[in-house]
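Hi,

Here's the structure I said I'd pass along.

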Amino acid sequence: MLIKCVAIFAFLMVITLFNIVFERRAVSWMQQRVGPNRVGPNGSLQSLADGIKLMLKEDIIPKAADKAVFVIAPVISATGAFLAFAVIPIGPEVSIFGEKTVLQVTDTPIAVLFILAASSAAIYGIVLAGWSSGSTYPLLGGLRSTAQMISYELAMALSFVGVFLYAGSMSTSEIVAAQSDLWYGIALLPSFIVFVIAMVGETNRPPFDLPEAEGELVGGFHTEYSSIKFALFFLGEYIALTTVSALAVTLFLGGWQAPWPLGGPIWPGANENWWPVLWFMGKLLCFIFLFIWLRGTLPRMRYDQFMALGWKVLIPVSIGWILLIATIQALRNEGHDVQNIVLVAAGVLAALLLLTWVWEVVRAKPEEDEPEPVAEFDPFAGGYPVPPMPGQVPVTTSGAGLRSSTGFEPERGELDG
């Protein structure tokens, strides 16, 4: 158990250093510019140098800050991210120094709920940091983080319900074992899509990085932080990135099981010994690249758009999908033909989505206003030429009495030309 705890801690620290360099290199490649290329081979040690630099910077605590909470907040943020990885299964049972053990620190019947609790505790660090700084912009960042946590934590939890109904358990190891025939990312595609969107909002990553939006909040909740405390927030964000990616792999992509057809007829031993760690790491890196891809592609959303997406789209879709899954499971338990049920349910769902889309289009169509009568005026009515006001059309005449739209009367010789 001690070896596994130390290994998980070391893995999260090393993959954080890797993710920072990986993100900077990938984004620079997307934007056609030079990324880190000075420290280490091809800039591979740049994140380590940045971490050392942050530790050597001056540590500042604002005079108006609540010092105790100000110091504890970054520790809470980093610790919550570490705890969530404790119940993620990385591989099957293996032999370590002659002892048989599962590649998982621990497992409980409610492991997924433990992950939700740990991730929520990590966000409390952001909220407390914004409140304790004694400054306006960090406070606004903390308030945004609170709303974000409530909105997207709820959507994320609802996306798990379909997995629980299919697997019949909240244990992460049993959920992985239940996906030996079909990954839930395929069988429960709407839940998977909702979870992917919610996990981006949960980790404050672009385009949902509103609590630290430098465009309007300077730096958000960590504006007043420096040195090691700022490094802890940075560490917590990237560990949370790894944790939610590992959770997505565990719940929806078969966990450590080899992708089809490697785990089937091609290689029967693909899910034995240490090979599953390779499959797990491959899937994990794919999700991490998805986060990086979003950051290099999408602009930050407006706050009202962000809240509308969570409350008006993700949560209603999740609730409707849960009702559909529960109905299908109940009918299956009574011995009905599930295939026909799924087809009918898919048709009804498609029809409802179509009607919703039509309703939104009709409601968003601007009403055609009746054209207002155009007011005519004589620019020389007061004896002096006056330019027209918006919506007014000057009176024009032909021949010698012709006047231009600016109100000036042309000379008689100019008309002959």
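Predicted model: local features only at pLDDT ≥ 70, side-chain atom pairs only at ≥ 80, totals over all residues.

A cut-off to start with: an angle between axes counts as roughly antiparallel when it is over 145 degrees.

Helix H4 covers residues 111-132 and helix H5 covers residues 136-167. Their axes cross at roughly 170 degrees and come within 8 Å. With the cut-off at 145 degrees, H4 and H5 are therefore roughly antiparallel to each other.

What meets what there? On the H4 side you'll find Val112, Leu116, Ser119, Ser120, Ile123, Tyr124, Ile126, Val127, Gly130 and Trp131. H5 brings Pro138, Leu139, Gly142, Ser145, Thr146, Met149, Glu153, Met156, Ala157, Phe160 and Phe164. By class, that contact has 14 nonpolar residues, 6 polar and 1 charged.

One residue I'd click on is Ser145, which sits in H5. Is Ser145 buried or exposed? Its relative accessibility is 2%, so Ser145 counts as buried, the limit being under 20%. Leaving out residues up to four places away in sequence, Ser145 touches Ile123, Ile126, Val127 and Pro211. Of these, Ile123, Ile126 and Val127 are also among the H4 residues that meet H5.

The other pair to look at is H1 with H12. Helix H1 (residues 2-30) packs against helix H12 (residues 275-297) at an angle of about 45 degrees, and the axes are 10 Å apart. That angle makes H1 oblique to H12. The crossing of the two is right-handed. From H1, the contact uses Phe11, Ile15, Phe18, Asn19, Phe22, Glu23, Ala26, Val27 and Met30. H12 answers with Met281, Leu284, Leu285, Ile288, Phe289, Ile292, Trp293, Arg295 and Gly296. Sorted by class, the contact of H1 with H12 comes to 14 nonpolar, 2 polar and 2 charged residues.

Finally, the whole chain in brief:

- The protein has 15 helices and 4 strands.
- Of its 417 residues, 41% are buried.
- If you take contacts between residues at least 6 apart in sequence, 72% of them join residues at least 24 apart.
- The accessible surface is about 22800 Å², and carbon and sulfur atoms account for 67% of that.

Cheers

Methods
Residues numbered from 1 in each chain as written. Heavy atoms only, no water. Axes fitted to C-alpha atoms, helices over the stretch in contact; angles between N-to-C directions. Parallel < 35°, antiparallel > 145°, perpendicular 65-115°, else oblique. Left-handed = near helix turned anticlockwise from the far one by under 90°. Contact = heavy atoms within 4.5 Å. Nonpolar A, V, L, I, M, F, W, Y, C, P; charged D, E, K, R; others polar. Buried < 20%, exposed > 50% of the residue type's maximum accessible area, 1.4 Å probe, protein only. Areas by Shrake-Rupley, 256 points an atom, 1.4 Å probe, with all protein chains shown as cover.
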